[in-house]
Structures are given as C-alpha cells and as structure tokens.
Protein chains: 2
Amino acid sequence: MNRSFIGMVAVTTSLLAASAAAFEVEEIGSFHIGGRQVTLTGLPSKDVTFVAGGVPTRVDPNGEFFAEQMYVQFVRLAKPRARFPLLMWHGGGLSGVTYETKPDGKPGWQQFFLRAGHSVYVSDAVERGRASWARFPEIFKSEPLFRTKKEAWELFRIGPDGSYKDASTKPIAHPDTRFPIEAFDQFMKQGVARWIGTDDITVAAYVQLLNRVGPSVLMAHSQGGPFAVEATLKATDRVRALILLEPSGSANYGRWSFAALKGLPVLIVYGDRWKDSPRWVKTRATVDQLLQRLREAEANAEMLDLPARGIAGNSHMFMMDTNSDQIAGLIQDWLTRVGMIR
Amino acid sequence: MNRSFIGMVAVTTSLLAASAAAFEVEEIGSFHIGGRQVTLTGLPSKDVTFVAGGVPTRVDPNGEFFAEQMYVQFVRLAKPRARFPLLMWHGGGLSGVTYETKPDGKPGWQQFFLRAGHSVYVSDAVERGRASWARFPEIFKSEPLFRTKKEAWELFRIGPDGSYKDASTKPIAHPDTRFPIEAFDQFMKQGVARWIGTDDITVAAYVQLLNRVGPSVLMAHSQGGPFAVEATLKATDRVRALILLEPSGSANYGRWSFAALKGLPVLIVYGDRWKDSPRWVKTRATVDQLLQRLREAEANAEMLDLPARGIAGNSHMFMMDTNSDQIAGLIQDWLTRVGMIR
C-alpha cells in the first residue's frame, strides 16, 4: 500500500466534504447527437384503442423515423476548477442514471464531480434511456435483452456465482460487500434493454460527442470501456485523460494500435471479488493486457486496484457502493496529479 | 387583449433575462418510483453473440425483473424563490427531454424555471426514456408505437393536415409557425416509443411521486394533462397549483367529480392553429368543457389562450417554439399572482 497516496486522499476528501454546500451552475441542458433518418414501408396499418373503452384509431406505422441517436445531458459550472469537462459513459443494460443519485438515495458521482469542480456530461448511449431505440426487426436487427436480478446480483459481484436462487429466496451477498444490498431492487429499476450489433453506431455517436464537446476528460464504465478506448483512438486530440472503470474485455484490444496514445494519462479502476468468478478472471486478464499494451505505447497508464490499496469488498458498480466517495476521491487525486485541475 | 397583463409580463421577462447568470444548486439527483417485481418463466434460452465474431453466450431470459417504474430527475436550488417545487410532466411518445434544451439549442423551460427561482423535478413517465420499459407481450401487453415525422409535423400543428408528404418532399409549415422548423429533425430524435394500456400504472406512479415530494406546483403537457388531473384528484393536498399545457382530451373528464379542487389555481395554456384541424377542434371542445367544470367546482381556473392574447403561430410544442420564454414568462406571472412565489 502506498501510504503517502492514501494520506493525500484523506485530505482531499475532507476538503470536498467541507465544500459540500451549493454549487453555481451556468447552464443545464441536453442534446441528442448522431442518428439517421430511416423510412419504413409496407407495414400493415392497425386499429389501436389508446384509451380503454375509446374509439379505435387507425395507426399507419410506415414513414420516416430517427434511429441510432445518443442523448447527452450537461451541467456546466459557472467557475469550473477542472481544465476540461468530464464525460461520463455508462455500461451495458444501463443508462447515465448510473452516475446520478445512488440506489441508496445518497449522492452519486455526477454530483461528487460537480462539487469537485468539473462540468459534467452524462450520456445515454444509442438505444438506452432517453437516447431511445428503434423498431425491430425492421431497424434494429436483434431482439432486446433485459437483465434479470440473478444476472445483476452475480455478474456485478454483489454475491458469488450461484448466490441468487429465485424470487422467494434471499440472495447471499459477499460478507464484506460494499454494495448497499437493501437498495438492490431500487438499482434494478435503473436497468434498460440492450441490443446486440449496435457497437459501431454507438462508437460513431461517441466520436461525434467528443468532436462536439472538444477537449475532455473521459470516464467510462464496463461495456463503455472498449467504446471509450475506440473513440479515443478515433478522436485522440479530444481526450486529455481517460478513466476506465472495470472496462469489459474486448477482442479489439488486441487488434488496435495504441501508438497515438503516447503520453495520455489513463487510469484503470478495479474493484474486489473478481478472483472468485472464472468469467471475471478472464476479463481481468484482458484488462491487464490492455494496461501492458498502453504502457508499451508509453501512455501514462496506471491501475488503481482497490483491494491492493487496502479497500475491500467493492462490486462492479462501485460508483454506487457505500464507499463511492472514497473511490471518487482517489480518482480526483489522480486527475490532480496528471494536471487536469487548475 | 389585456394590456396591463402584457405590460407586467414584459417587466418580469426582462428581469429574468437580467438575472440569467449562474444559479446556485443545492442538490442534483434522480430516483425511480413505483414499479413492481415480475417473474418470467418458460421462455426458451438463446445463444447470443454479443460481439461480432465472438463466442456465443447462452442467455436465459427467465427470472425476476422490475417493471412499470418511473424516473424522476431533480435540481434543487439553494435559495428557491418559489414556495413549492415545480414538477414537469411530458406528453405522449416523449420524455422529460421536452423541457430541457430546445431542439434549436436554446435554453428550454427546465432552465427558465430554475432561473426564475423554482426547484424543478422533470420526470420520464412509466415506459419512457430512463424509466425503461418491459418485455412484451410477456409483461406489457401491446406492442410499442413509434411516432412518424408526418404524425409529429401535422399532429403538433407545425403544418396543416396533409402538409407532410414523404421523405423527399419538404413539408409545408404554417406561414406564421413559431416552431423552429430547421430543428424539426433534432426534435424527432427526442421521440420514444409508447404503449397502450399503461395509463393506470402511470397515474399510480405519479401519485407516488406527489406523495414523496409533498406540496408542489404541477405542470403537465398533452397526454400528461389527464394524468395530472387524475393524480391531483388522488393526492389533492399535494398540488398547490396546476398548469395544463394543451391537455389531451379524456373521456374521464366527464366522469370525475372536481369538488375537491375548490379554490385550486389551475391554468390551461393553449397555442394556435387548432381551428384548422378537426381533431384539435374536438380536443379543444373537451378542454373547454374541462375548464367549465373546474369553474363550476369553484377551482380558480383560467385559460391562457395565446392567440386571444395576440400571440400567434404557436404549435402544440410551444415550450420549444421561438417565443417559449415569452410563454414561460406569462406562466411565471400567473404563478406570482396565485401566490406561488415568495
């Protein structure tokens, strides 16, 4: 454990807590970016009764639609201390809500980083949340996938594989879990459907976002991790620091050249309990290789391995865990060290 | 036209413009409310290839899910001038994005009312946006409906019935339309799917929202109008003023007793060009009846008919029209007159 690093964190975190009063906002707003117009033809009209007992209306589903756009909400501070806006990209089956108030009702990372002096852009990727999704199979080719409670409980390492049985059995958590398990059902309400085969359009929209916002600090979670790496390779001059929160494994890591990322500050953050799951052991191996390749390309890449720093019990959703502020504080300290704070 | 009323508006609007600097936020956050757990069984497992060229994963779609919850995002001011928070409910096929930055990139009503001193709660109703939606036909019984460009152009009175032909023909707008037609495609990106048969669960979630937030000013657009009236009847002590923006017609208006709304300030706002559309003439008639019945029940009900005030060309989406600040200013003046501002 690096004691001086931990000590510095304690100071910063208490400073932040002290300034947890109001923050001045210059503008709050949103926009959609990306997307294309699609024309559907040849679908049958249907009689639809919109109100129970009402008169049916003939609905013609043919015509022009927009599809594949992304949603971005921003909160711009009047006096940011950070040099660049912070973009926050969520993981699979989730939306930007990941970074808002935590399922236990306590403030999430959106507000933490606002109070820490960052203007913040939280997005819903193509197909998720306010980005909207398109008819299938006419526009999106696959059917939507919904995450079960069992998958979330085990995949997100709240409990070990096999610990979620069924609706009538209380699932078993890791004894030291930091996830607020009494808020697990509240977390499940945040889930949204996902599709397959939409990776390329998602990355295209993210690249458009970087080009629109300009120089940024980019933070991405899980499935958003490979998207963030690819978008950074395609808009390298836009990304001034890259934070990967338990990025997914990706076959593409091995294919890409990272030469353009020389000198880029990259922080990978990893929680606990992945050693208990064969799937996570495999994922972590690809991420360790990613780190190795980033270092070979002379990116300024660092692994923040929480258990190695003496912080135990964090789930895959550590921005919602009970010690989320502590982890955010470590990231804020790293951002300070790599020159992202004025 | 009531000249003294218009004069007062001009003063207020310029005061607001003058104070269009930063505003102090005490908390920004969100929550999901309502919803229930559903267990699905007996569905076949499928092999899903998440990444092109990757190894298929066996996906079991059976298990526990949450369905029918609603999403609410709030921005609480450090020093609100309004006595109660402002809840903003959207219309059909849309989400809370209705009130955010306008399709033309200019500030929307969320920010207008924040700057005017209101803490603001913008929600995505059940099934829309970040509220998420549930599998059909297993949980939601109908298929989703998507709005075409033609429907939006004509139903929202940007142009007359029949003015949208097809993808290759520029649609014809009302000559005096206030809708920023160059931003119409951007507006279409805000659309989300809707279902039928979900009215009761939507109202149930809205009632829960009122009970959670407490005394509020409630603003609702279009399809949200009947939901707001019903929710107000079910949580009367929570609603201190009710603003209905071109509420939909509803068979229920005739059924409900409004006795409990005695003394409640109610403002109905109506745009222009509805006389050109048989469908809108019918809807407006039900809304005039609603106003009449509210007055009979001795609610403090008022119609803000924009053309009657000399303000021409507003569409159904007047919170996005070029004169949206002017209309918001009229609403703010009414809120002041009925005692909602400190």
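Why is strand 6 (residues 120-124) of chain A largely enclosed by the rest of the structure? The reason is that 5 of the 5 residues of strand 6 of chain A are buried. A residue is buried if 20 or more other C-beta atoms lie within 10 Å of its own, exposed if 12 or fewer, and partly exposed in between, with C-beta atoms placed from the backbone.

The model is predicted: local features need pLDDT of at least 70, side-chain atom pairs count only at pLDDT 80 or more, and totals for chains, interfaces and linings use all residues. Residues are numbered from 1 along each chain as its sequence is written, while chains are lettered from A and ligands numbered from 1 in the order in which they are written.

**Chain A overall**

The secondary structure of chain A comprises 8 helices and 10 strands; helices (H or I, at least four residues) and strands (E, at least two) are DSSP runs, numbered from the N terminus. The radius of gyration of chain A is 21 Å, close to the 20 Å given by the globule rule for 342 residues, so chain A is as compact as a globular protein of that length. This radius is taken over C-alpha atoms, and the globule rule is 2.2 Å times the number of residues to the power 0.38. The C-alpha trace of chain A spans about 70 × 50 × 45 Å along its principal axes. Buried residues make up 51% of the 342 residues of chain A. Of the contacts in chain A between residues at least 6 apart in sequence, 76% join residues at least 24 apart; two residues are in contact if their C-beta atoms, placed from the backbone, lie within 7 Å.

In strand 9 (residues 265-270) of chain A, 6 of the 6 residues are buried. Pro265(A), Leu267(A) and Val269(A) point one way from strand 9 of chain A, and Val266(A), Ile268(A) and Tyr270(A) point the other way.

The table lists pairings of these strands; two strands pair if DSSP finds at least two bridges between them.

| Strands of chain A | Sense and bridges | Residues standing opposite |
|---|---|---|
| strand 4 and strand 6 | antiparallel, 5 bridges | Val72(A) and Ser123(A) |
| strand 5 and strand 6 | parallel, 3 bridges | Met88(A) and Val122(A) |
| strand 8 and strand 9 | parallel, 4 bridges | Leu242(A) and Val266(A) |
| strand 9 and strand 10 | parallel, 6 bridges | Ile268(A) and Met303(A) |

From strand 9 of chain A the chain crosses through helix 7 (residues 278-296) of chain A to strand 10 of chain A in a right-handed β-α-β crossover. A crossover is right-handed if, with the strands pointing away from the viewer, the path from the first strand over the helix to the second runs clockwise.

**Helix 6 of chain A**

Helix 6 (residues 224-234) of chain A is mostly covered, with 9 of its 11 residues buried. Among them are Gly224(A), Pro226(A), Phe227(A) and Val229(A). The cover over the buried residues of helix 6 of chain A includes strand 5 (86-89), helix 5 (199-213), strand 7 (216-221) and strand 8 (239-245) of chain A.

**Tyr270 in chain B**

Tyr270(B) is found in strand 9 (residues 265-270) of chain B and counts as buried because it has 22 C-beta neighbours inside 10 Å. Leaving aside neighbours within four places in sequence, Tyr270(B) is in contact with Glu246(B), Met303(B), Asp305(B) and Leu306(B).

**The two chains together**

In the interface, 55 residues of chain A are in contact with 55 residues of chain B. Strand 1 of chain A gives the most to the side of chain A that touches chain B, with 13 residues. By class, that side of chain A has 23 nonpolar, 21 polar and 11 charged residues; Ala, Val, Leu, Ile, Met, Phe, Trp, Tyr, Cys and Pro count as nonpolar, Asp, Glu, Lys and Arg as charged, and the others, Gly among them, as polar. Strand 1 of chain A and strand 1 (residues 23-40) of chain B run antiparallel and are joined by 3 bridges. Phe23(A) stands opposite Val25(B) in strand 1 of chain B.

A rotation of 180 degrees with 0.0 Å of shift along its axis superposes chain A on chain B, with an RMSD of 0.0 Å; copies are superposed by least squares on the C-alpha atoms of residues with pLDDT of at least 70 in both. That is the relation of a two-fold axis. The same surface serves both copies, as 100% of the contact residues of chain A recur in chain B.
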